[in-house]
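Please examine the sequence and the structure displayed here.

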Amino acid sequence: MPKKHIADRDRFSIIQPHMDKCYICRSTNIHIHEMIPGTANRQKCKDYGLCVALCPRHHSIAHENTELSMYLKCKAQRAFEAEYGHEKFMETFHHNYLGGEDGTR
């Protein structure tokens with residue numbers, strides 16, 4: 001786990017280095033979205049940089065639409081695993097969004 005908890009104002013992304021535009025449509029009216037759902041996972045996403053900027057429309061869709069939500073979860077898992085490995089992802093988030101036991105889909 002990272003050494004300290006990241007505050008909302010200090011959120012960063014290992015997926016989207018410059019979070020000044022919507023990850024989907026490039027709008028500059030943005031909200032920051034933590035990519036793995038759940039109250040316990042919100043802080044983990046902030047700590048590990050599993051956040052993206054989304055416009056209000058896409059942010060709403062990400063919370064309501066299973067296709068966009070799954071796309072973002074898979075992107076987050078792949079990025080996390082590239083840095084820390086599949087075992088650490090499972091230990092941290094307890095769910096494999098990529099399908100196979102080894103994290104492949």
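Predicted model: local features only at pLDDT ≥ 70, side-chain atom pairs only at ≥ 80, totals over all residues.

Q: How many salt bridges does the structure hold?
A: Side chains of opposite charge can pair when their charged atoms come close. A salt bridge is a side-chain nitrogen of Lys or Arg within 4 Å of a carboxyl oxygen of Asp or Glu. The structure holds five. One of them joins R42 and D8 (3.4 Å, N to O). R42 lies in helix α1 and D8 in the segment before β1, so this pair ties together parts 34 residues apart in sequence.

Q: Is K46 buried or exposed?
A: Buried means under 20% relative accessible area, exposed over 50%, and partly exposed in between (1.4 Å probe, protein chains only). K46, at 5%, counts as buried, whereas D8, at 36%, is partly exposed.

Q: How is the packing of helix α1 and helix α4 described?
A: Two packed helices are described by the angle between their axes and the distance between the axes. Helix α1 (residues 39-48) and helix α4 (residues 86-93) pack at about 145°, with axes 11 Å apart. Axes are lines fitted to C-alpha atoms, for helices over the stretch in contact, and angles run from 0 to 180 degrees between N-to-C directions. Helices (H or I, at least four residues) and strands (E, at least two) are DSSP runs, numbered from the N terminus.

Terms used:
Residues numbered from 1 in each chain as written. Heavy atoms only, no water.
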